[in-house]
Amino acid sequence: MKQEVAMRLVLFGATGFAGSRIAKEALSRGHEVVGVARDVSPLTEGEGLSARAGTIHDEAFVLEVTRGADALLIATPGRPQEDGRKLLDAVPALAAAARANGVRIGIVGGAASLKVSADGPRLLDTPEFPEAYKVEAGSHAEVLDALREVPEDVDWFYVSPAAVFGAHAPGERTGKYRTTDEVLLTDTMGDSAIGGEDYAIAFVDEIEAPAHRRARFGVAY
């Protein structure tokens, strides 16, 4: 269902698994999406989508591309990139652009910073957490911590997916999801999963009807 007032959304990482689905969902609701990536060749402009080549680590570019926007959305990896810089390193510039241009920040986050129970450890800190994913997961946890320290006049939200999420498990659209604040959601079988399209629905729902101001929330089936 399209929202009556269309918004202008600037989306970094628009060609990735989560970003491409968020762009598709937002466009289907009548919003304008400026898709940003280092390589924008996978993006087809038109019908509300425009493409800009750029990076979150170019402070001047971030400031320029977000002028007149309603939201600044980040769907890029947390881990260090080829040049050694991480998403964490861009948080000050993202916050500065948000303050200057009056835009809300939305981050595609990670699941590992969620707790396994109300009084339990983070998923990242459990013995069972795979060593291979610790760099990415730890980097995203740092981003969440940094967001919580930005000036109070910067509005943001951070959406943690379920434990099983990504191109290896794209799932099928159901239009349903549950939300949580700090505890990882599981189903009756103990599984924690969310498909890419349903994650995008939850993400765009938050853009259209903010329910988590300066807060993280998680989504799962």
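Modeller: Before we start, contact here means heavy atoms within 4.5 Å. The model we are looking at is predicted.

Colleague: Thanks! Which elements do the buried residues of α4 pack against?

Modeller: They pack against α3 (87-101), β5 (104-108), β6 (156-160) and β8 (215-220).

Colleague: And which residues of α4 are called buried?

Modeller: The cut-off is under 20% relative accessible area. The buried residues of α4 are Ala137, Gly138, Ser139, His140, Ala141, Val143, Leu144, Ala146 and Leu147.

Colleague: How do you know that the span of helix α4 agrees with what it should be?

Modeller: Helix α4 covers residues 134-147, and at 1.5 Å a residue its 14 residues should span 20 Å. The expected span uses one less than the number of residues. The end C-alpha atoms of α4 are 20 Å apart, so the two values agree.

Colleague: Now the sheet. What is the order of its eight strands?

Modeller: The order is β3-β2-β1-β4-β5-β6-β8-β7, in an open sheet with mixed pairing.

Colleague: What makes β3 and β7 edge strands?

Modeller: β3 (49-53) and β7 (178-180) each have a single partner strand, so one side of each is left without a neighbour in the sheet. On average, neighbouring strands are turned by 25° against each other, direction ignored.

Colleague: How do you know that β4 and β5 pair?

Modeller: Pairing needs at least two bridges, and β4 (residues 71-74) and β5 have four, in the parallel sense. So by that cut-off they pair. Ile74, for example, has Ile107 in β5 as its bridge partner.

Colleague: Where does α4 touch this sheet?

Modeller: On β5, β6 and β8, with its direction at about 155° to that of β6.

Notes:
Residues numbered from 1 in each chain as written. Predicted model: local features only at pLDDT ≥ 70, side-chain atom pairs only at ≥ 80, totals over all residues. Heavy atoms only, no water. Helix = DSSP H or I, 4+ residues; strand = E, 2+ residues; numbered from the N terminus. Buried < 20%, exposed > 50% of the residue type's maximum accessible area, 1.4 Å probe, protein only. Axes fitted to C-alpha atoms, helices over the stretch in contact; angles between N-to-C directions.
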